[in-house]
Amino acid sequence: MKIIRLNIWDLPLWFVQDREERMKRIRTFLDAVNADIICFQESFDPFHRAEFNHFFHSRSYFTTSASVHQRSVFSIPMDTTGGLALFSKFPILTSAFIPFSRSMFSPVEFFSGKGMLVGVVQTPHGALRIANVHLYKKSLFADEAIRLNQMNKIF
C-alpha cells in the first residue's frame with residue numbers, strides 16, 4: 001500500500017509564490033505515483049481544495065472533504081479543517097477534524113486552526129486508521145509545551 005503525506009503550502013496569502021504552477025506540478029506528481037492514500041497539509045484555499053476534490057473524484061478516490069466548508073480570516077477565505085485533507089482509493093468509513101488548542105504565541109498558528117484529521121479507511125486487509133496531523137511551527141516561545149500538548153492530544 002502506498003501512502004503519501006504532502007504539505008502543499010496552499011495558503012491564500014499574497015506572499016505565497018507560484019501557487020497555480022505548484023498546484024499543477026502536484027497533480028502531475030500524484031498522477032505519476034498513483035498512491036492509495038494521500039494526506040494533504042496546508043490545503044487552506046477552498047478554491048484549490050475544490051479543484052483537488054474534483055481531480056481525485058475523477059480518478060475514483062474518496063475524500064474527507066467532498067464539500068469544502070470555509071471560514072473567513074480577515075476576509076480571506078480558508079477551509080475549516082486546518083488545511084488537512086485525506087484522499088483514498090478505498091472507502092472512508094469515518095472522519096473527524098479535531099482542532100488543537102490555539103496558541104497566542106504565534107498569530108499565524110492562532111489563525112490557521114491546526115489540528116488533526118482522523119479517518120478510518122476500509123482497505124482489502126481491513127480497517128486502517130489514518131491520522132493526518134499538522135503540528136505547531138517552531139517559534140521563540142513555548143515550543144516544547146505546545147508540541148507536547150499536541151502530541152498528548154494525538155495519542
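Predicted model: local features only at pLDDT ≥ 70, side-chain atom pairs only at ≥ 80, totals over all residues.
Student: How many helices and strands does the protein have, and which pattern does the protein follow along the sequence?

Tutor: There are four helices and nine strands. Read along the sequence, their order is β-α-β-α-β-β-β-β-β-α-β-β-α.

Student: What share of the residues is buried?

Tutor: A residue counts as buried when its relative accessible area is under 20%. Here, buried residues make up 45% of the 155 residues in the protein. The accessible surface comes to about 8800 Å², and 60% of that area belongs to carbon and sulfur atoms.

Student: Which residues touch the most other members of the largest nonpolar core?

Tutor: In soluble globular proteins, nonpolar side chains tend to be buried together. In this model the largest nonpolar core has 15 residues, and those touching the most other members are Ile26, Leu30, Ile38, Phe40, Phe52, Phe56 and Phe87. Two or more residues of this core come from each of strand E1 (3-10), helix H1 (19-33), strand E2 (37-43), helix H2 (46-57) and strand E6 (85-88). H1 gives the largest share, four residues. Another core, of nine residues, lies apart from this one and includes Cys39, Leu84, Leu86 and Ile130.

Student: Which residues does Phe87 touch?

Tutor: Leaving aside residues up to four places away in sequence, Phe87 touches Asp36, Ile37, Ile38, Phe40, Phe52, Asn53, Phe56, Tyr61, Phe62 and Thr63.

Student: What part of the contacts in the protein joins residues 24 or more positions apart?

Tutor: Among contacts with a separation of 6 or more, such pairs account for 64%.

Definitions and conventions: Residues numbered from 1 in each chain as written. Heavy atoms only, no water. Core = buried A, V, L, I, M, F, W, Y, C linked by side-chain atoms within 4.5 Å. Buried < 20%, exposed > 50% of the residue type's maximum accessible area, 1.4 Å probe, protein only. Contact = heavy atoms within 4.5 Å. Areas by Shrake-Rupley, 256 points an atom, 1.4 Å probe, with all protein chains shown as cover.
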